[in-house]
Amino acid sequence: ETRSLPRLCFRLRHRAIAVAARMAGSPKADRENGGIKRDVSCWIAALRTHYLVLLIFTVIVYFPRPRRIKQIEAHAPVRLCLSYLVFFLAQSLRLIARIFGLETNRPVQNRRILVVTDYLPPQTHGIAIRCAAYVKHMRAQGHEVVVFSTADDASRETSFDHPNIPAVVNPFNLKNRIGYNPGVKLAWFLGAHSWDVVHVFFPSLIGSFVLTTCSWRRIPVYCSHHVEMNMFAHEHVPFAPVVKFGMFTYNLIGKWPAIKWGTLNAAPTLVFARDHLGKEHEENLRRVPSGTHDVFTPKMDNSNERQEVRSKRFGVQDDKTKVILMVQRLSGEKGTERIFPALKPRDGGSGTGTVDAVLVIAGDGPSRAALELEAKKRKLNVVFLGNVPHHDLPKLYRAADCFVTMSLSETFGLTCLEAMMCGCPGVVPYCPVFNEIWDERIPKTWRYSINEKSFECTGLYKAIAAAQDGGREWLEKNPVKMTWKMAADELLTHYEQCISMNSKKRQMLKDFVAFADHCLRVALCALVATWVLQKYYYKPLRRFFRTYGLDIMP
């Protein structure tokens, strides 16, 4: 609680100021943020999907909502039970097909991969970008990759893409949705189709269903974890009992099943994987491959690109003015406001910062209004660009003098990688995740420290100066290269490890199914033969034996 107090005070104070300013009728705020109408709609949406409602929904209505409230107790488990019923119906039909000699698991040259995720574009965060990139590059190699995601755009549905997972709005990010139930279509695909491996992206509330059904069929499951749940829970929910209950619920339906039934568990860094899943499971932990798109390169589209971007997007008319770029979601856990004390204020502004530069922030989120007011109060030269399309980010990276992140909550930090690949030197804090990724890749002079209790930054001034002074030249000589194609290739090797680790269990199941299939065929043939004999041959044979005095048939 002590660690989160300064950040909580900042959010509450500036949220109150922002609401008061808009209620007073600030034209600029109304134009940029939608005014009081937007605030009211956001509060209503947040109330409808408040974390208390979500927790109750997960525990009780996790298995769907009946039409009448009086029937909740009797009908609450219907939807989840229906999903399991569909799964076992599909399994029964496969069994019948095997009995009649139909081949149900024919080997093929490519891999049949099922991906279950809550995170895909048009969401703009790192997990959605990562998931879409994996799928794209694995399909390009000829693998059959079928994706189930949250139901947000039915027009995107194809024979390989199924946005059919029942979902609710994410209360902590209203632009995203959380799947709360697997649905019958996913249950059918898990029960009826053959899969070489299933990849589940966590956090997920339906992981337990996927893992138990795959365990029944001995299908290897690759579980990748992308969010530091403990940190986010305490960041967004200040009431400790609710946090404990929520974390227990998530562990029960998410993390613990992944540890129990997941063939391999992975995270963007091993330090996060150990912390999140436990060091005792080290043998089955992997670093999930990361990368970025090929468009993130130092090569400019044209000779005037840098000047055009600095002039039109940054408001900078010369090359001497330094530009610091931040690309992130504007929310409390990102710590965007920590850079403000380091910046030199304009004439008449308060503060002792010495970094004379324009700060450009690309991104949006619940903290934007508070950050804008804080920058205005301090009289800092800050440009808020809002959400920027992903394909436009390379130009911003190439036009900036350095990139800075103040976040300690990352599990990888894709924007840091994007900046480095565009030749923009990145200033990153010392923390276990960034230490694992960047210790051997960038100079120590580009690093700084953040006090985890007071959130004060040490060495930030020097790190920014070092990155701006010769940083691009250093990256030209020591380029960073991590593409999504390389990441997809490495991910496929992880899948092969899953398949290999699970091969013994699958062979045992295959032998058992073959034996059971043989026994069922014998029993079925015996029943049919008995019926035929009883129907057509019993009476003639009895008369025949009695004719010759042999009364051996009753």
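Does Cys223 count as buried or exposed, and at what relative accessibility? Cys223 counts as buried because its relative accessibility is 0%, where buried means under 20% relative accessible area, exposed over 50% and partly exposed in between (1.4 Å probe, protein chains only).

This is a predicted model, in which local features need pLDDT of at least 70 and side-chain atom pairs count only at pLDDT 80 or more, while totals for chains, interfaces and linings use all residues. Residues are numbered from 1 along each chain as its sequence is written, and side-chain values use heavy atoms, with hydrogens and water left out.

Seven strands form an open sheet in the order E3-E2-E1-E6-E7-E8-E9, with parallel pairing. Strands (E, at least two residues) and helices (H or I, at least four) are DSSP runs numbered from the N terminus, and two strands pair if DSSP finds at least two bridges between them. Strands E3 and E9 are the edges, each pairing on one side only. E8 and E9 run parallel and are joined by three bridges; Ala266 has Arg286 in E9 as its bridge partner.

Angles run from 0 to 180 degrees between N-to-C directions, with axes fitted to C-alpha atoms, for helices over the stretch in contact.

| Helix | Strands | Angle |
|---|---|---|
| H11 (residues 240-261) | touches E6, E7, E8 | about 140 degrees with E6 |
| H20 (residues 484-547) | lies across E1, E6, E7, E8, E9 | about 135 degrees to E7 |

The disulfide count is zero, a disulfide being a pair of cysteine sulfur atoms within 2.5 Å. For Cys223, the nearest cysteine sulfur is that of Cys498, 8.3 Å away.

Conventions: Contact = heavy atoms within 4.5 Å.
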